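Please keep the sequence and the model in view while reading.

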Amino acid sequence: VQLQASGGGLVQTGGYLRLSCAASGLSFSTYVMAWFRQAPGKEREFVARISRNGVGNYYVDDVRGRFTISRDNAKNTVDLQMSSLKPDDTAIYYCAASKKYLGWTTNYNYAKEYEYWGQGTQVTVSS
């Protein structure tokens, strides 16, 4: 299984970035997909998740209304569109995949529920 994240970079406050995660080696449509992030000196935190069929999504309060998660099960990709970026969004962003069936609950907000992780892509927002 491989999750390959891309799209990170340096952007100014208020800017936009689109992250993408390409999955291989797994039955993609059977996995809940999520994005987490880890800022320097901080623990990894949940950002957004999307259900297997792409209908359901959930965001951490801080990004709701600014970020949009989407997936394409035909292409085995999950994207994170990030707008109105702030310096506090600076972090390494990781995509993750969970095979577990937990109901569509906040259990999916925890890193321990995800079996596979991408290598991370750096997002830096300058002030």
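Does Asp61 count as buried or exposed? Asp61 counts as exposed, because its relative accessibility is 59%, where exposed means over 50% relative accessible area, buried under 20% and partly exposed in between, with a 1.4 Å probe and protein chains only.

## Basis of the model

This is a predicted model, in which local features need pLDDT of at least 70 and side-chain atom pairs count only at pLDDT 80 or more, while totals for chains, interfaces and linings use all residues. Residues are numbered from 1 along each chain as its sequence is written, and side-chain values use heavy atoms, with hydrogens and water left out.

## Salt bridges

Side chains of opposite charge can pair when their charged atoms come close. With a salt bridge taken as a side-chain nitrogen of Lys or Arg within 4 Å of a carboxyl oxygen of Asp or Glu, the count comes to 10. One of them joins Asp61 to Arg64 at 2.6 Å, N to O, and Arg64 is partly exposed, its relative accessible area being 40%.

Arg66 and Asp89 form another salt bridge, with their closest N and O atoms 2.8 Å apart. Arg66 sits in the loop between strand S6 (57–59) and S7, and Asp89 in the loop between S8 and S9, so the pair ties together parts that are 23 residues apart in sequence; strands here are DSSP runs (E, at least two residues), numbered from the N terminus. Both Arg66 and Asp89 are buried. Glu113 and Lys100 also meet in a salt bridge, at 2.9 Å from N to O, and this pair links distant parts of the chain, 13 residues apart, both in the loop between S9 and strand S10 (116–117). Glu113 is buried, with a relative accessible area of 10%, whereas Lys100 counts as partly exposed at 30% relative accessibility. Salt bridges that share partners join Arg37, Glu45, Asp62, Arg66, Lys86 and Asp89 into one network.

## Surroundings of Ser98

Ser98 belongs to strand S9 (residues 91–98) and counts as buried, because its relative accessibility is 0%. Its side chain reaches the backbone oxygen of Glu113 at 2.8 Å, and a polar atom of that side chain lies 3.3 Å from the backbone nitrogen of Lys100. Leaving aside neighbours within four places in sequence, Ser98 is in contact (heavy atoms within 4.5 Å) with several residues, including Thr30, Val32, Arg52, Tyr108 and Glu113.

## Sheet and nonpolar cores

A nonpolar core is a set of buried Ala, Val, Leu, Ile, Met, Phe, Trp, Tyr and Cys residues joined through side-chain atoms within 4.5 Å. The largest such core has 30 residues, and those with the most contacts inside it are Trp35, Phe67, Leu80, Met82 and Tyr93. Not counting residues up to four places away in sequence, Phe67 touches, among others, Arg37, Val47, Leu80, Met82, Asp89 and Tyr93. Apart from this core lies another, of seven residues, among them Val32, Phe36, Phe46 and Tyr108.

Definitions and conventions: Helix = DSSP H or I, 4+ residues; strand = E, 2+ residues; numbered from the N terminus. Polar contact = N/O pair within 3.5 Å; in protein donor to acceptor, adjacent residues only side chain to side chain.
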